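Dear colleague,

I am handing over the structure below, and my notes on what was found in it follow directly after.

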Amino acid sequence: MANENQFKLFTKFIATRGVEEYRQTIPIWIRPEDIILEIGCEWGTTSTLIWQKCKNLIATDISLDCIKVARTKYPGIRFETLDAFNIQQAMKLGTKFTKIYIDMSGLSSYRALLDVISLMNMYASVFEPEAIIIKSGSLKQFAKSCVAWKTTFPS
Ligand SMILES: C[S@@+](CC[C@H](N)C(=O)[O-])C[C@H]1O[C@@H](n2cnc3c(N)ncnc32)[C@H](O)[C@@H]1O
């Protein structure tokens with residue numbers, strides 16, 4: 001049964017539409033002390049922008065081919081293969097992340113909305129980052145329609 005201790009996620013979810021908005025968050029959300037997990041790094045184009053702003057970055061992708069290209073292009077960055085839905089594999093990275101960046105193919109469609117929400121909740125519960133920044137047009141649209149009700153009591 002629900003009680004007052006449930007649903008108190010500390011993590012902020014930042015929904016962006018398109019890669020331009022996704023990258024615009026980097027100078028705003030990343031601080032020099034941040035330890036970042038990037039999911040869906042492809043060839044490392046966004047990774048290098050993140051890496052310049054944070055203390056530590058592990059950039060990941062499900063595709064080994066992408067990871068091989070990224071490692072060649074940016075040898076200073078740590079790139080690893082990871083299927084985002086395999087949380088055990090993510091935990092084996094062995095680091096406590098302060099921010100998580102997610103840009104995975106297929107997460108922008110409305111059909112993917114439940115996957116997006118469950119993915120974010122899973123990473124928020126396991127790593128307790130301050131923020132998860134995600135590229136998902138459908139989540140951004142959904143978030144715009146949400147209002148968190150606050151009961152106000154007359155004084
Ligand atoms: C649009 S690309 C990412 C582009 C990259 N973030 C950038 O800014 O250049 C999407 C990436 O998601 C990766 N991907 C798809 N499914 C994934 C999964 N389950 N786990 C991790 N990465 C996944 C793909 O391999 C692909 O490289």
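How do the residues of the shell around the ligand divide into nonpolar, polar and charged? They divide into nine nonpolar, five polar and four charged, where Ala, Val, Leu, Ile, Met, Phe, Trp, Tyr, Cys and Pro count as nonpolar, Asp, Glu, Lys and Arg as charged, and the others, Gly among them, as polar. The ligand is surrounded by 18 residues, the closest being G40, E42, T46, A84 and D103 (a residue is near if its C-beta atom, placed from the backbone, lies within 6 Å of the molecule).

Please keep in mind that this is a predicted model, in which local features need pLDDT of at least 70 and side-chain atom pairs count only at pLDDT 80 or more, while totals for chains, interfaces and linings use all residues. Residues are numbered from 1 along each chain as its sequence is written.

The protein has seven helices and six strands (DSSP runs numbered from the N terminus, helices being H or I of at least four residues and strands E of at least two). The radius of gyration, taken over C-alpha atoms, is 16 Å, close to the 15 Å that the globule rule gives for 155 residues, so the protein is as compact as a globular protein of that length; the rule is 2.2 Å times the number of residues to the power 0.38.

The six strands form an open sheet in the order β1-β6-β5-β2-β3-β4, with parallel pairing (two strands pair if DSSP finds at least two bridges between them). Its edge strands are β1 (12-16) and β4 (78-81), each pairing on one side only. Between β1 and β6 (residues 131-135) there are five bridges in the parallel sense, and I14 stands opposite I133 in β6.

Best regards
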